[in-house]
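Work through the exercises below with the sequence and the model at hand. Each task is followed by a solution in steps.

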Amino acid sequence: MTDAKIELPGLEERFAEVHGVRLRYLVGGAGEPLVLVHGLGGAAANWLALVPLLLPRRRLLVPELPGHGGSEPLPAAPSLNAYADRVGFLMEDTGFAPAPVVGHSLGGAISLRLAIRRPELVSALVLAGAAGISSTSRRARYGLTITGILKPGRKIAPHRARVARSELLKHAVFGRWGASDPPALPPDLVEAFLSGPSRHTDTVSAAKALVRDDPRPDLAHVRCPSLVLWGARDHQLPVEDAFDYARRLRAPLRVIADCGHLLIGERPDACADAIEAFLAGEPAVPPRLDRGAQI
């Protein structure tokens with residue numbers, strides 16, 4: 001079993017039976033609660049760079065989605081609602097409700113569904129490179145289908161230590177879709193991002209549910225304050241999606257330069273600053289695009 005202290009120092013590994021599904025989650029810290037929801041094919045370890053920046057002021061709950069990491073798969077997943085419901089039930093069971101929720105990629109789409117279905121649980125919402133708009137396109141459906149068949153993450157995971165030490169391999173694995181500057185990714189972060197696939201039991205169901213889920217017709221039902229965070233060089237989910245989310249949610253948008261889709265690892269300092277400023281109620285700065293721009 002993966003040592004939770006190695007994955008996310010300062011957090012404790014726990015398990016809970018949540019409506020018939022055994023979920024793995026990490027918890028720790030003191031202060032105001034905050035929930036972090038990872039993306040498709042990810043795991044709790046994806047938050048390795050961000051957790052130390054949030055932990056001094058926050059009590060963190062970091063679940064692994066059903067079928068991901070050490071969490072059991074769902075018996076059926078016709079939509080993202082089943083994933084959102086499990087996160088919500090876990091928040092209630094662990095005393096984390098209500099709380100702000102930060103969702104990355106798929107985790108953003110699931111967090112949106114949670115905020116719509118259970119508004120009393122989500123006091124604020126941060127969408128970090130959130131899926132849900134471009135991920136419903138034909139191109140996305142094709143890409144996710146091929147990925148589900150080939151399972152490249154599972155094939156790469158046993159070699160993650162070697163990838164972490166090689167600039168060439170980091171570029172091959174994370175280039176184009178993931179990071180703006182793959183060779184700059186620290187070795188421990190590379191291993192963290194690649195640690196989940198070897199333990200996944202069913203990510204295909206989540207991918208299928210994602211491509212069927214277009215949240216745009218329902219965004220008017222999001223009641224809580226929201227922040228949209230995006231990597232300026234995100235080639236997986238274009239920044240146009242960020243503008244669309246921000247417009248529909250009437251939310252501030254922070255576009256972070258020099259990073260791609262994995263912004264929570266590439267620029268954790270800028271992400272943490274944006275999250276803390278948003279939760280503290282600080283006003284957005286005038287529009288601009290720089291290394292931590294508010295737009």
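**Exercise 1. Describe how helices α8 and α9 pack: handedness, axis geometry and contact residues.**

Step 1. The crossing of α8 and α9 is left-handed, a term for a near helix turned anticlockwise from the far one by less than a right angle, clockwise being right-handed. Helices (H or I, at least four residues) and strands (E, at least two) are DSSP runs, numbered from the N terminus.

Step 2. Two packed helices are described by the angle between their axes and the distance between the axes. Here the axes of α8 (residues 167-174) and α9 (residues 187-194) cross at roughly 35° and come within 12 Å. Axes are lines fitted to C-alpha atoms, for helices over the stretch in contact, and angles run from 0 to 180 degrees between N-to-C directions.

Step 3. On the α8 side, K170, V173 and F174 make the contact; on the α9 side, V190, F193 and L194 do. Contact means heavy atoms within 4.5 Å.

Step 4. By class, the contact of α8 with α9 has five nonpolar residues, one charged and no polar. Nonpolar covers Ala, Val, Leu, Ile, Met, Phe, Trp, Tyr, Cys and Pro, charged covers Asp, Glu, Lys and Arg, and polar the others, Gly among them.

The model is predicted: local features need pLDDT of at least 70, side-chain atom pairs count only at pLDDT 80 or more, and totals for chains, interfaces and linings use all residues. Residues are numbered from 1 along each chain as its sequence is written, and side-chain values use heavy atoms, with hydrogens and water left out.

**Exercise 2. Summarise the chain: how many helices and strands does it have, and what percentage of its residues is buried?**

Step 1. The chain has 13 helices and nine strands.

Step 2. Of its 295 residues, 56% are buried. Buried means under 20% relative accessible area, exposed over 50%, and partly exposed in between (1.4 Å probe, protein chains only).

Step 3. Among contacts with a separation of 6 or more, 74% join residues 24 or more positions apart.

**Exercise 3. Which residues have the most contacts inside the largest nonpolar core?**

Step 1. A nonpolar core is a set of buried Ala, Val, Leu, Ile, Met, Phe, Trp, Tyr and Cys residues joined through side-chain atoms within 4.5 Å. In soluble globular proteins, nonpolar side chains tend to be buried together.

Step 2. The largest core has 52 residues, and M91 and Y245 have the most contacts inside it. Helix α4 gives this core its largest share, seven residues.

Step 3. Another core, of 43 residues, lies apart from the largest one; L54, A179, I275 and F278 are among its members.

**Exercise 4. Where do S105 and D258 lie, and is each buried or partly exposed?**

Step 1. S105 is in the loop between β5 and α4 (106-117). Its phi is near 60°, a positive value in a residue other than glycine.

Step 2. With a relative accessible area of 8%, S105 is buried. Leaving out residues up to four places away in sequence, S105 touches G39, A128, G129, A130, A131, L237 and H261.

Step 3. D258 is in the loop between β8 (253-256) and α12 (263-266). D258 is not a glycine either, and its phi is positive, about 65°. At 32% relative accessibility, D258 is partly exposed.

**Exercise 5. Which residues are joined by a cis peptide bond?**

Step 1. The cis bond joins A97 and P98, with omega about 0°.

Step 2. P98 belongs to the loop between α3 (81-93) and β5 (99-104).

**Exercise 6. What does S226 touch beyond its sequence neighbours?**

Step 1. S226 is in strand β7 (residues 226-231) and is buried, at 6% relative accessibility.

Step 2. Not counting residues up to four places away, S226 touches L125, L249, A251, P252 and F278.

Step 3. S226 and P252 are 26 residues apart in sequence, and their C-alpha atoms are 7.4 Å apart.
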